[in-house]
Amino acid sequence: MKAPSLTKQDVEDIRSTPKPPRSGLCEKDWNDTQKRINALNCVLAGAPVITAAKRFGVNRRTITRMLSQAVEFDGSGKRWGHRACVPYFRISVATSKSGVVPNAGHPFAMEAVLKAEPWLGTLVNGFNGNLPSRKQRSPPFNRFFKEFRKYLDDKGHKERYPLNTPDRGRRALIDYIRRHRAVQAETGATQFIETAGATRLEHIFRIAPGDRSEFDEHSIDIDGWLAIPDGKGGYRTERVRHLWLLAQIDVGSGAIMAWGLVVGRKYDRFDVLSTFSSSLTPWERRELTAPDMAYASSAWMPSCNQLDGEIASAAVIAMDNDSSHLAGMTLENLLEGYKGILHYGRSGMGEGRPYIEAFFKRIENELFRMIAGGFSPETDVNEQVRTSTSDPRKNPIVIEMLEDLIDTYATLVNVAARSERETRSPRTLWEEYERSGAWMLYRPSSMAAGRSLTIQRFQVTISKAGKLPVVYRDYARYTAPALVRALMSDENLIGRSYDACYEDWQDIRTMTLFNEDGDVAMRLHVKPPYAAAPHSLPVRKRAAAWARKTEGRETADMEVSDNVQAYYMAVRKATPRVSMPNQASPLVRDSAVQLTPSPLDGLMRPGLKLR
């Protein structure tokens, strides 16, 4: 059988048909149906029949037959489409050749009876009551069947089918109604005509700049290497499989309000709050590391426009219900420091946040896919395709340069035309609306305002370690001379609770205590073995877990007085060397030191969010 020649309209019509329902199919038939659907869509996308057959394990003659059947029209004038993918599917029209009530039963005999008596056919097809089964009776059907027999008897068909059968047509009528309902359920979705409706807020109201923003994260698959300076003029490399891009987009203008980059398997609540924090911090041009990289002359971010120390920002933040978005710290800090309305949607439903999804698609195709190691992932139709010709081993990612590249890209998008229909840039739309005097929500804009979003708040109790007062928190002890003096003047200090916080989430060696009036009471400092190296809470948790496992540790590790430094040292020792040409760090110019790179040394840099 030769595959039919399909026009562009034929392909679109077949693709628009609904998928067959799961009900009524056993597990094997359902799995076969899924394979056939994938093979059919693969051919419709332009692949040869033989390629789709090998890829999905479907006989090529079956694919050819499905194409021939899918393009045909059913009795309602719709394409058979994906229904042709059901095993044992054949096109047949169950109609009677005669409009006379038959004398005996035969295939489609009940259809012939109802065709001969149109009024009765309408009555039977319209019955929507429950049908009887072996476990349940159906009084509505019993009453309906009584009227069914009476009608045929009154018409003079007492000696004809189905009244001349032992059960007087009861089983035949039940089987017909079941078949009719199955056909209606299968074709109902095709016959349903969708009407225009409001599915998003902008379908009801006009969204102006500053009314609504969308926040989301995007996982970027990459098979590359990350270059990490080792502080000695060289660098080490680590294999990187995922990049996370966090971004906030204004819906009314399309402006990129903030972004954040995380390298590793997952991001956390600190990364989310850090991204929002950057939207309240006045934007400044970065000191670009690459000499040939440059900002656009009109580079701009919404946080550039300040009015009396405040900036206009979005009144509504739409985001999904990821665990890091619903974390207690995230909710508390956003409601207190960012204010506005938090609108949570279902995770994985990009239709509720179309603007941020469109931005992610654009930046992935225009920027991330061009990085060494970038590729287009495998889909149901296409195989994995490398989109960059650069060797990732010879062109490792430098995190500072990548952040510079994203910042120059984001500020360029903000001053470029949105589309062919909207020639104005997001900056023009934002500033025109701001100058019009219309209402916008203003928030304080400063380094302190941005840092307030990342503060971790909690409550602590003063304890005693020997003769010294201390606070136990996150695997460490905190104390200060001011706390010792307070104990000398107040013997009831032990057991007293204070509100406390870490003001800098990237260095939690300092804890601030507050009195009942909300003023700073004192600042405590962490005691060894966590006092030497700056570190975040995730790094301390990893260091504490490592310190508890003494098996396999070398004597030299035990001699290091600081757990974080000892943890860094153990990670470097456990890391295998990577065979690469000796090169100087791209961040250190005119360096005469050449070192062989080795993975995982990035933990030496507290600012690098490496999971």
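# Predicted fold, strand pairing and aromatic contacts

The hairpin formed by strands S16 and S17 has five residues between its strands, and within this hairpin Gly-518 adopts a positive phi near 90°. Strands (E, at least two residues) and helices (H or I, at least four) are DSSP runs numbered from the N terminus, and two strands pair if DSSP finds at least two bridges between them.

The structure is a predicted model, in which local features need pLDDT of at least 70 and side-chain atom pairs count only at pLDDT 80 or more, whereas totals for chains, interfaces and linings use all residues. Residues are numbered from 1 along each chain as its sequence is written, and side-chain values use heavy atoms, with hydrogens and water left out.

## Overall description

The protein chain contains 19 helices and 17 strands. Of its 611 residues, 46% count as buried, a class that requires under 20% relative accessible area, with exposed set at over 50% and partly exposed in between (1.4 Å probe, protein chains only). Among contacts (heavy atoms within 4.5 Å) with a separation of 6 or more, 64% involve residues 24 or more positions apart.

The predictor's confidence in each residue is given by pLDDT, on a scale from 0 to 100. The chain averages 81, and 84% of the residues score at least 70. Over residues 189–194 the pLDDT is below 50, and this stretch has five contacts in the model beyond near neighbours in sequence. Residues 575–611 also stay under 50 in pLDDT; for them the model has 107 contacts beyond four places in sequence.

## Strand pairing

| Strand | Partner | Sense and bridges |
|---|---|---|
| S14 (residues 476–479) | S17 (residues 520–526) | antiparallel, two bridges |
| S16 (residues 510–514) | S17 | antiparallel, five bridges |
| S15 (residues 497–502) | S16 | antiparallel, three bridges |

Individual residues connect these pairings. In S17, His-525 is the bridge partner of Thr-479, and His-525 is also the bridge partner of Thr-510. Phe-514 in S16 stands opposite Asp-499, and Phe-514 likewise stands opposite Val-520 in S17. In a regular strand the side chains alternate between the two faces of the sheet.

## Aromatic pairs and charges over rings

The structure holds 13 aromatic pairs. Rings of Phe, Tyr and Trp (its six-membered ring) pair if their centres lie within 6.5 Å; planes under 30 degrees apart count as stacked, over 60 as edge-to-face and the rest as tilted. One of the pairs is formed by Phe-276 and Tyr-338, which are edge-to-face at 5.5 Å centre to centre with 65° between the planes. This pair links distant parts of the chain, since Phe-276 belongs to helix H9 (residues 269–280) and Tyr-338 to helix H11 (residues 328–338), 62 residues apart. Both Phe-276 and Tyr-338 are buried.

One aromatic cluster comprises Phe-127, Phe-141, Phe-144, Phe-145 and Phe-148. The ring of Phe-145 also has the charged end of Arg-170 over it, 5.9 Å from its centre. A charge sits over a ring if NZ of Lys or CZ of Arg is within 6 Å of the ring centre and within 35 degrees of the ring normal. The charged end of Arg-473 takes such a position over the ring of Phe-458, 3.9 Å from its centre.

## Two buried helix residues

Arg-36 lies in helix H2 (residues 27–44). Arg-36 counts as buried because its relative accessible area is 16%. Residues up to four places away in sequence not counted, Arg-36 touches Val-58, Thr-62, Arg-65, Met-66, Cys-85, Val-86, Pro-87 and Tyr-88. The C-alpha atoms of Arg-36 and Val-86 are separated by 7.9 Å, although these residues are 50 residues apart along the chain.

Ile-363 is placed in helix H12 (residues 354–366). Ile-363 counts as buried because its relative accessibility is 1%. Residues up to four places away in sequence again not counted, Ile-363 touches Leu-245, Phe-368 and Tyr-409. Leu-245 and Ile-363 are 118 residues apart along the chain, with 9.9 Å separating their C-alpha atoms.
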